[in-house]
Amino acid sequence: MVMAERSVALKLQDHTSSRRFARHVLSVSVDVVRMVPPTSEVVPGLTMEISEAGFSAMLSQTFEVGDVVEASFRLPNLGRIKVDAVVRGKNLFRYGFEFVSLSAETRQQISNTCESLPEYKGDRY
């Protein structure tokens with residue numbers, strides 16, 4: 001293995017092993033709303049992956065790390081859910097969100113969904 005490839009592989013391995021939950025492929029439409037007035041505009045996007053701790057999505061507008069949002073998306077075989085989340089990372093128009101204050105029911109629905117989806121093998125955000 002070339003030195004640069006090995007370095008990238010080790011960084012990915014270190015980052016992946018530090019996650020609390022495995023990420024899973026989920027590509028569905030998502031609507032995101034900033035929770036800070038006066039901007040209550042719905043921003044459409046597409047989820048990329050989900051875990052029991054959060055999700056990532058490509059969005060059509062800019063958000064900042066720390067922004068609190070409400071996201072609505074469809075879980076396969078369960079229907080639409082609404083969750084509160086905070087932006088934890090961003091790379092161009094791809095954002096990583098952490099769930100906040102999930103109900104026990106919603107947490108279980110997300111956990112069950114993750115178990116039924118293939119594991120995400122991509123890079124960070």
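At 58% relative accessibility, K82 counts as exposed, where exposed means over 50% relative accessible area, buried under 20% and partly exposed in between (1.4 Å probe, protein chains only). The model is a predicted one, in which local features need pLDDT of at least 70 and side-chain atom pairs count only at pLDDT 80 or more, while totals for chains, interfaces and linings use all residues. Residues are numbered from 1 along each chain as its sequence is written, and side-chain values rest on heavy atoms, with hydrogens and water left out.

The side chain of K82 meets that of E70 in a salt bridge (4.0 Å, N to O), a term for a side-chain nitrogen of Lys or Arg within 4 Å of a carboxyl oxygen of Asp or Glu. K82 lies in strand β6 and E70 in strand β5, so the pair ties together parts that are 12 residues apart in sequence; strands (E, at least two residues) are DSSP runs numbered from the N terminus. E70 is partly exposed, at a relative accessible area of 26%.

The structure holds 6 salt bridges, and another of them joins the side chains of R80 and D31 at 3.4 Å, N to O. This pair links distant parts of the chain, with R80 in strand β6 (residues 79–91) and D31 in strand β2 (residues 29–34), 49 residues apart. R80 is partly exposed at 44%, as is D31 at 30%.

A salt bridge also connects the side chains of K90 and E64 (3.7 Å, N to O), linking strand β6, which holds K90, to the loop between β4 (54–59) and β5 (68–75), which holds E64, across 26 residues. K90 is partly exposed, with a relative accessible area of 35%, and E64 is partly exposed at 44%.

Conventions: Helix = DSSP H or I, 4+ residues; strand = E, 2+ residues; numbered from the N terminus.
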